[in-house]
Every structure is written in structure tokens, then in C-alpha cells.
Amino acid sequence: SHRALQSKKLHDAHFGFMWNDGDGKTNKFRPQGITSFTWSSLGGATESKDFHFVLVTWYGRTDEGYDNRGVRISLVDITDISSSSFSHTDEEEMKQIKYRHILLVDENFCTFTDLHAGGVAYRDGKIYVPDSRHHPYTIHVFDIFSSIYEVTKTSSSPNEDLQHEQQEGEEEGGEDVFFNYRYVLQKEYTFIVPIKPSFLSYDSDRDSFVIGTYKYCGGDLMKHTDSEDCRKEVLNHLFWFDLGDVNNPDFQSSSSCGPFFSEMQGAASGRYFVDSATGDIITDTDYNESDDIEEKGFLLVSSSYGPVWSSHLHSFNFDPRQCEGSGSSRNDVIDDNNDGITNQINDDIVGDYDVFTYPSGLEDLHIEPSLYIPNNLDGNIIGNDSVMKRNVWMLTEHGERMIFATHLEALLPN
């Protein structure tokens, strides 16, 4: 069973749920990254169905002896949640949510020892998982549709149908080589990135990825402060890239961009459109082709530390193109690790920003793909919904572990 989430402590969350009691309270794993995707199933000549999933990464805790299990993902099926339930949280609707854990393995079907999986992104049937604890820093790529294998109890490789229903944690018969997981997801390939990827997300508006680095700044008090002094730490940096960049010989020497915020746990960027005359957000219901419209970029950044102190979500206008080249928005160039990798530092790169307070342990961020783009900017209209009805998915790792969605419009900078 899964508990419905009450939104009293969450800014404008309109939908959410919690894990079952075992996953909600376990110290052996902690949830980290979040993304979502839709899978279309063709059932026949006229039958088809779209399945909607939320995907969450969990890492095995070293202090619990679970680091050798590496990372599991949870596939959460929210397909049958009615559209009306996305305006409230309903106990009966929550009972329709089902999820399954899947163990991540490498090309040799070995687990990823001590992989933190601080973020996850989905793009075109593949998920991207960052590795921030091993050098060189890498992103592991998995094909979610073709590389999930069902395993047998006795096999050391998942090439036969499962013959048992034993789940992780059951002692009868002991554990198999995959720790009694019924399914494993095999890695397809890996690529190296130029900065420590503590988290990762996909900007579907620009077809680019953003990674960033977590840097603690709370001092001996072991707290999350979100102070201006901490914000100026040079390692509070982000890095945007396209998949086509990773094979470029200059990719590994690319410069990151910052500083942003301390104790960053996630970042997600995108764009929206406003009426140039009024400043009103453009939707498909009030947009005319003759309107003078303006594109605006935005960035959401989550920050937190520990199970006690409140988390923060920062929202401000920002365009990743501010991190390109060496123009006026880029100042001191710092090689912060003496490894040849530079960080472009500009104390004013954030500018004015809004701050939302959340419960402790706020982690990764994910913005669902855009459904609507004004056609006098990009030449086409995608879908028939408003761009502002996109969900921003978030999750917490401490206390009452929550997964929740907020409409993007509620979080855009004022």
C-alpha cells in the first residue's frame, strides 16, 4: 500500500505519494534522482495505450553494508491516475499506484559498487545516471526498453524466465547473485564528463543536459544555511552540454559556470514565453499569432543538507547561453582542482531569485517535456495543452520520503 501525500508542507504541490512502509523507512537505501517518461503500447490494429512512469534512483548505503548492491531504480506506474486527481490527492487514487525495483548492472552483469546516482534523466528510451564518486567522472547510459532482463534464482546471468517470486529481504533460500531482484537493467555505455556530476537533468526545451556539483558549506554546525557567503563558493557550479558534444576532443576541457548555490542537490532549466507588452505568460488559449511574444529562460535549483534543516528551491530567470564563451557574464577563470578543468566565476550570474522552503532532504528535480511552443517562434505547435501545465517532479530522502509534482507556473520567477 502507498500513502497519499498531503500538500500542506509543499509549495503548491497538486499530486504526490509516499513509498510503502518498508521503502519509506529503510536505512539501507536512499532515494536520489527522479525523472519521468511515457511508453506507448500497441495492442492491435486499433488498440493502443500510453503508460506514464515516474522513475527514481536509490543508492545502497555504505554504513549499512549495502554499497556493494550499488543502485536500484523504481519504476512507478501512474498511468491509471485520472486527470482530475492531478488537482488533488485522493486516497483511492493512490491505491492505484504500483512500483517495482530494478537493479542496475554493468555490461558484465555486475552491480555498481558505491555509485551514488544523485540524479537521473530520460531521453529517447535511455536513462542517464551520474557517477560522482569515481574518477574520471562519468555518466552511465541504460536502454530502458531493450536492456531489462528477468532473472532466475540460480542463474548468474539473466537469460532465462524467472522461476520464483522471492523479493529482496526474504531470507528463505538465501540471496542469489542479484540479491533476489526479479529484474536487472544492463548498462549500454558510459561517457566521461568534465566536472563532478553530483546530479543531472535533461532540458527538453533545448535538448541538452545539465550536471552540477554538490559542495557542503555548513561548517561545524552541520547545517544547511543557504547563505550568501556560501553561495559564492567556486565549486557551486553547473555545466550544460549536448550529447553531440561528448565526442568532441575539447569536451573534457570545457568550462563550467557559476557560482550558483551551496549544497545543490538538483537543477533543471527550461524556457517559457510571455506577451512582450503585458508580461503575461503565453498559453494556447490566449495566444494569437499576431502577438508580440518573448522567450524567457529559467532555472530551478534545489539545495539541502541532512535530516533536520529545511530545504530550499531557488527560481530565477536564466539562459544557459550565459555560460557560453567569455562575454561580460563570465569573469574569473579558476582551475579549482588543479586538474586543468576551469570554472568560470561570476558573483552576479544568478541575479534576483525567488526561494521556496521545503521539508528536509529535497533532492533531484525533473521538468516534464514541453507540450506547447508558440508557432511564430519555432514554426509548430506541439500538442494542444498549455506549456504551464508541465509538472515539476521532486522528491525527499529524509523523514517522510515524498514524491510530488507541482505545476511549473507556480514556481516560475516573479
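Reader: Which side chain does the side chain of Asn 391 make a polar contact with?

Author: The partner is the side chain of His 14, at 2.7 Å. Bear in mind that this is a predicted model.

Reader: Where is Asn 391 found, and is the residue buried or exposed?

Author: Asn 391 is part of strand E22. Its relative accessible area is 5%, and the cut-off for buried is under 20%, so Asn 391 counts as buried.

Reader: OK, on to the hydrophobics. Which residues touch the most other members in the largest nonpolar core?

Author: That core has 25 residues, and the ones touching the most other members are Trp 19, Val 54, Val 76, Ile 78, Trp 393 and Ile 403.

Reader: And which strands each supply at least two residues?

Author: Strands E1 (13–18), E2 (29–42), E3 (48–60), E5 (98–105), E22 (391–396) and E23 (402–407) each do.

Reader: What does Trp 393 touch, leaving out residues up to four places away in sequence?

Author: Quite a list: Phe 15, Ile 34, Ser 36, Val 54, Ile 78, Asp 364, Leu 365, His 366, Glu 368, Ile 403, Phe 404 and Ala 405. There is also another core lying apart from the largest one, with 21 residues, among them Leu 10, Ala 13, Met 18 and Leu 313.

Reader: Switching to rings. How many aromatic pairs does a search of the whole structure find?

Author: The search gives 29. One of them is Phe 316 with Phe 318: the ring centres are 6.0 Å apart and the planes sit at 75 degrees.

Reader: Why is that pair edge-to-face?

Author: Because the angle between the planes is 75 degrees, and over 60 counts as edge-to-face. Phe 316 is buried at 0% relative accessibility, and Phe 318 is buried at 2%.

Reader: How about Tyr 358 and Phe 404, what kind of pair do they form?

Author: A stacked one, with 5.8 Å from centre to centre and 20 degrees between the planes. The pair links distant parts of the chain, since Tyr 358 belongs to strand E20 (residues 354–358) and Phe 404 to strand E23, 46 residues apart. Both Tyr 358 and Phe 404 are buried.

Reader: Which residues do ring pairs link into a cluster?

Author: Tyr 128, Tyr 189, Phe 191, Tyr 202, Phe 209, Phe 239, Phe 241 and Phe 251.

Reader: Last one: which ring faces do Arg 69 and Arg 72 lie over?

Author: Arg 69 is over the face of Tyr 66, 4.0 Å from the ring centre. Arg 72 is over the face of Phe 29, at 4.2 Å from the ring centre.

Key:
Residues are numbered from 1 along each chain as its sequence is written. This is a predicted model: local features need pLDDT of at least 70, side-chain atom pairs count only at pLDDT 80 or more; totals for chains, interfaces and linings use all residues. Side-chain values use heavy atoms; hydrogens and water are left out. A nonpolar core is a set of buried Ala, Val, Leu, Ile, Met, Phe, Trp, Tyr and Cys residues joined through side-chain atoms within 4.5 Å. Buried means under 20% relative accessible area, exposed over 50%, partly exposed in between (1.4 Å probe, protein chains only). Helices (H or I, at least four residues) and strands (E, at least two) are DSSP runs, numbered from the N terminus. Contact means heavy atoms within 4.5 Å. Rings of Phe, Tyr and Trp (its six-membered ring) pair if their centres lie within 6.5 Å; planes under 30 degrees apart count as stacked, over 60 as edge-to-face and the rest as tilted. A charge sits over a ring if NZ of Lys or CZ of Arg is within 6 Å of the ring centre and within 35 degrees of the ring normal. A polar contact is a pair of N or O atoms within 3.5 Å; within protein, one must be able to donate a hydrogen and the other to accept it, and residues adjacent in sequence count only if both atoms are side-chain atoms.
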